[in-house]
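Trainee: I have a new model open and would like to learn to read it. Can we go through it in short questions?

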Amino acid sequence: MRLSEPVRVHVREVRLLERDVHLRMPFRFGVVTLTEATEAYACARVEIEGGGGGWGAAAEMLAPKWFDKDPALSNAENVEQLRWSLRIARALYTEGRRARTPFQLFADGYHFQIAECGRRALNPLVAGYGPALLDRAVLDAVCRASGMSFYEAVRTNAAGIDPGHFLPEFAGLDVEPFLAGLAPAREIHARHTVGLVDPITASDVRERVGDGLPETLEEVVERYGHAYYKLKVGGDVEADLARLTAIAGVLDRSRRPYFVTLDGNEQYESVEHVVELWETMARAPALRRLVDAVLFIEQPITRKAALLHDIAPLARRRPVIIDESDADLDAFVAARAMGYRGVSSKTCKGLYKSLINAARCARWNAEAGGPEYFMSAEDLTTQAGIALQQDLALVTLLGLTHVERNGHHYVDGMAARPDGEQRAFLAAHPDLYGAPDGIVRVRIRGGRLVIGSLGCPGFAAAAEPDWASMREMAA
């Protein structure tokens with residue numbers, strides 16, 4: 001593929017919008033149980049050097065108690081932290097006098113964003129949220145103005161991706177062959193997350209939602225036919241063992257192979273504590289098939305301790321990845337030194353961070369002579385429309401074959417959106433969505449999402465939301 005001359009832009013304007021999302025079922029992850037949340041939208045107007053330009057957009061949930069789990073902060077205070085990250089990023093991205101590539105906007109502002117957020121007691125994971133949305137909105141605008149897809153923009157490096165610009169480990173390395181070799185797929189497996197309060201069987205349901213959609217794990221298995229599942233554990237070995245046994249009792253009914261990942265959500269205090277869980281699982285006859293199906297363990301240890309100790313005792317049993325500890329661009333390197341072998345990709349942490357970490361995996365594996373290091377695709381909060389589609393496009397371009405995908409389970413698709421918005425996305429992406437009863441929802445068949453339509457001009461979205469249905473984010 002012929003490489004492009006990187007596009008240079010001025011960001012002339014950024015609008016920050018939001019709208020509320022109501023969950024059809026409560027979801028608990030870590031220390032919080034959600035029944036409602038807010039989705040943020042960033043819209044960027046760019047002017048391309050040499051002529052042209054236009055608007056681009058990105059979307060992401062303002063999720064409490066994930067970026068900062070300080071129990072002294074309320075959910076509302078957590079959400080306001082993320083709003084501040086967006087406001088600070090907007091100021092940085094619109095202040096430059098010289099035209100820069102989309103990647104240079106990210107790289108030039110990276111340390112300033114972390115420092116400015118730090119002055120407001122916002123940790124680096126929170127700091128990365130604002131640029132994560134603006135980078136996608138800018139790239140969307142560039143792709144739309146240039147008539148290219150997100151895939152083309154990355155593979156031809158129209159975005160000007162050059163991590164050697166500010167990361168010494170990449171100095172002198174040409175990342176363009178790596179980018180040119182990335183190849184998206186037309187479908188991807190959806191990995192179903194089983195939350196800590198999700199009903200497993202009908203006997204666990206106290207009061208049914210009654211909207212015709214699956215509510216129990218039994219019903220999920222029957223309706224969607226997943227091959228991949230993500231199981232939350234809560235830090236109590238006895239309780240986790242009982243819940244995993246109930247889950248295995250459902251998954252084991254099928255003769256088809258299934259695969260599992262375990263997510264600790266920082267609920268365990270030490271490596272030894274997680275090893276205790278694993279050894280207890282391994283000794284349980286009822287968990288034999290489930291244990292054999294575990295692919296990796298995700299961030300089981302609280303972030304304050306996760307990168308301080310060697311995790312070899314656990315990593316010898318299954319590969320371990322970081323997620324919440326992936327706070328800045330140095331985190332994966334530090335984690336590797338402690339025995340971690342993987343890191344999550346999430347659009348809320350930044351598309352360029354994902355691409356940089358994927359390039360690291362490729363280089364480290366080449367040096368190791370085999371697939372020692374890897375990325376996983378994690379993010380259950382992405383909502384139907386722009387957020388969902390941009391995340392799917394990123395992870396398939398990275399070559400990942402399954403992705404945590406649960407917005408369709410906890411939120412009833414686009415049911416709360418204006419009818420015109422629903423119809424626009426259905427018409428533009430009929431492979432990804434369906435509307436058998438009039439409500440546009442994600443379509444999952446045989447556990448897979450069909451995503452060929454994401455290779456459209458722009459960043460994976462050929463339709464726009466109803467902007468009039470949103471409110472301006474408070475200044």
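Mentor: Start with a definition: helices (H or I, at least four residues) and strands (E, at least two) are DSSP runs, numbered from the N terminus. Keep in mind that this is a predicted model.

Trainee: What is the phi of Glu 266 near, and is the residue buried or exposed?

Mentor: Glu 266 is a residue other than glycine, yet its phi is positive, near 65°. For burial, the cut-off is under 20% relative accessible area. Glu 266 has 8% relative accessibility, so the residue counts as buried.

Trainee: Where is Ala 460 found, and what is its relative accessibility?

Mentor: Ala 460 is not a glycine, but its phi is positive, about 70°. Its place is the loop between β14 (448–450) and β15 (471–472). Ala 460 counts as buried, with a relative accessibility of 0%.

Trainee: How many helices and strands are there in the protein?

Mentor: The protein has 17 helices and 15 strands. Its radius of gyration is 21 Å, close to the 23 Å from the globule rule for 475 residues, so the protein is as compact as a globular protein of that length. The C-alpha trace spans about 65 × 50 × 45 Å along the principal axes. So much for the overall picture; the counts you asked for are 17 helices and 15 strands.

Trainee: How many of the eight residues of strand β4 are buried?

Mentor: Strand β4 covers residues 187–194. The strand is largely enclosed by the rest of the structure, because its count of buried residues is seven of the eight.

Trainee: Which residue in β5 stands opposite His 192?

Mentor: Take the partners of β4 in turn. With β14, β4 pairs in the antiparallel sense over three bridges, and Ile 188 stands opposite Leu 449 there. With strand β11 (residues 402–404), β4 runs parallel over three bridges, and Arg 191 has Glu 404 as its bridge partner. With β5, β4 also runs parallel, over four bridges, and opposite His 192 stands Tyr 229.

Trainee: Which strands stand at the edges of the open sheet, each with a single partner strand?

Mentor: Four strands form this sheet in the order β3-β2-β1-β15, with antiparallel pairing. Each edge strand has a single partner, so one side of each is left without a neighbour in the sheet; these strands are β3 (53–61) and β15.

Trainee: What is the bridge partner of Val 21 in β2?

Mentor: Strand β1 (residues 9–29) and strand β2 (residues 32–48) pair in the antiparallel sense. Their pairing runs over 16 bridges. In β2, the partner of Val 21 is Ala 37.

Trainee: Which residues does Thr 94 touch, not counting those up to four places away in sequence?

Mentor: Thr 94 is in helix α1 (residues 75–94) and is partly exposed, at 31% relative accessible area. Beyond four places in sequence, Thr 94 touches Val 11, Glu 13 and Val 14.

Trainee: How do the rings of Tyr 228 and Phe 259 pair, and what makes it so?

Mentor: The count comes to 17 aromatic pairs. In this pair the centres are 5.0 Å apart and the planes are at 25°; planes under 30 degrees apart count as stacked, so the pair of Tyr 228 and Phe 259 is stacked.

Trainee: Which parts does that pair tie together?

Mentor: Tyr 228 is buried, at 12% relative accessible area, whereas Phe 259 is partly exposed, at 31%. The parts are 31 residues apart in sequence, because the pair joins strand β5 (residues 228–232) and strand β6 (residues 259–263).

Trainee: Which ring does Arg 363 lie over?

Mentor: Consider Arg 87 as well: Arg 87 lies over the face of Trp 84, 5.0 Å from the ring centre. Arg 363 is 5.2 Å from its ring centre, and that ring belongs to Phe 170.

Notes. Residues numbered from 1 in each chain as written. Predicted model: local features only at pLDDT ≥ 70, side-chain atom pairs only at ≥ 80, totals over all residues. Heavy atoms only, no water. Phe/Tyr/Trp six-rings, centres within 6.5 Å; stacked < 30°, edge-to-face > 60°. Buried < 20%, exposed > 50% of the residue type's maximum accessible area, 1.4 Å probe, protein only. Lys NZ or Arg CZ within 6 Å of the ring centre and 35° of its normal. Rg over C-alpha atoms; globule rule 2.2 N^0.38 Å. Pairing = 2+ DSSP bridges. Contact = heavy atoms within 4.5 Å.
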